[in-house]
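The following note sets out some points on helix packing and charged side chains. Please read it alongside the sequence and the coordinates.

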Amino acid sequence: MMKMLETGESEKVQMLINYLIIQERETRRESKRSKGSAKNKDHLPKLPVSNVVYNVSDYFNHNPSDLIQGTSNMVPVFVDKCITYLDKNALNVEGIYRISPNNKERDNFIRKFDADNKLNLELLSTTVHVVGAAIKWFFSDKNMPDPLIPRHLHEELKGAMAMPESSVRLCSLRGSYRKLPIANQATFKFLCTHLNRLAKNEEVNKMDSSNLATCWWPNFFHPVTSFSTQPDLVYGDILRLTILQCPFIFHDKPEKVFPKTS
């Protein structure tokens, strides 16, 4: 029992370290990009109050419900195109979502889509890391006004994680996700299914469910943090379990059973 507790605490500490490293790296990149933008501001389009630089088509800076493709497909086309591209080209790529490209490359990719929403990604000279960084940005608080997982469900999800580690916990998570706005639910299901596919290939891409959750949970939950407060890592645990049990939670498949640690 003590070994299990120590292992759990070790995973939480590592998740915190990974989160802080990612946040520090992103802050440095954004700082460099801002300085570069200031030097070249005469060559950029006029920025609106929200500081969104991708404003040609008015596609970005919206929630999923504003971007649905139709009643038969609630997933925003940008998400659909990026994830389809990554499913085809990135399942075996080591460090996908963990390795960040140059922000300028990411911004150029997003600008191209902003100029042409029917863009064929297969015809672009780009990399999976650029596309991965762009899709993560799409769900971050730098683009979406509200988190994909609405704040009013955060405490309910945390309560589900406090339940005994059993099917009850998974059923509670599934019940909470069914309360998501319909476009958010369809989009989250689409993304988690993709992340589950990546996790199944962890021996090749070195991205297990824990690594993927560390990279992604801030983009789904938009945590409010400051220098005096640490992020609530239970959100990472929620996403990790959701990725692992995605077939059960979203596709009505049997629960995945893992061998108990002795």
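Which side chain meets that of Asp 107 in a salt bridge? In this predicted model, the partner is Arg 106, with an N to O distance of 3.0 Å.

1. The pair Asp 107 and Arg 106. Asp 107 is buried, its relative accessible area being 4%. Arg 106 likewise counts as buried, at 4% relative accessibility. The structure holds seven salt bridges, and the link between Asp 107 and Arg 106 is one of those described in this note.

2. The pair Glu 122 and Lys 88. A salt bridge joins Glu 122 to Lys 88, and their closest N and O atoms are 3.7 Å apart. Glu 122 belongs to the loop between helix H3 (103–115) and helix H4 (128–139), whereas Lys 88 belongs to helix H2 (residues 77–89), so the bridge ties together parts that are 34 residues apart in sequence. Glu 122 is partly exposed, with a relative accessible area of 39%, while Lys 88 counts as exposed at 61%.

3. Lys 158 and Glu 155 form a salt bridge in which the closest N and O atoms lie 3.3 Å apart. Both residues are in helix H5 (residues 154–161), three residues apart, and are thus separated by about one helical turn. Lys 158 counts as partly exposed at 22% relative accessibility, and Glu 155 as exposed at 54%. A network of salt bridges links Glu 155, Lys 158 and Asp 232.

4. The crossing of helices H6 and H10. The axes of H6 (residues 167–177) and H10 (residues 234–244) come within 11 Å and cross at roughly 100°, which means that H6 is roughly perpendicular to H10. H6 contributes Arg 169, Leu 170, Leu 173 and Tyr 177 to the contact, and H10 contributes Ile 238, Leu 241 and Thr 242. These contact residues comprise five nonpolar, one polar and one charged.

5. Thr 242. This residue of helix H10 is buried, with a relative accessible area of 0%. Leaving aside residues up to four places away in sequence, Thr 242 touches Leu 173, Tyr 177, Phe 188, Cys 192, Ile 249 and Phe 250.

6. Arg 169. Located in helix H6, Arg 169 is buried yet has no salt bridge. The nearest side chain of opposite charge is that of Glu 165, 4.3 Å away; a salt bridge would require a side-chain nitrogen within 4 Å of a carboxyl oxygen. Not counting residues up to four places away in sequence, Arg 169 touches Ala 160, Met 161, Met 163, Pro 164 and Leu 241.

Conventions
Residues numbered from 1 in each chain as written. Predicted model: local features only at pLDDT ≥ 70, side-chain atom pairs only at ≥ 80, totals over all residues. Heavy atoms only, no water. Axes fitted to C-alpha atoms, helices over the stretch in contact; angles between N-to-C directions. Helix = DSSP H or I, 4+ residues; strand = E, 2+ residues; numbered from the N terminus. Parallel < 35°, antiparallel > 145°, perpendicular 65-115°, else oblique. Contact = heavy atoms within 4.5 Å. Nonpolar A, V, L, I, M, F, W, Y, C, P; charged D, E, K, R; others polar. Buried < 20%, exposed > 50% of the residue type's maximum accessible area, 1.4 Å probe, protein only. Lys, Arg positive; Asp, Glu negative; His and termini not counted.
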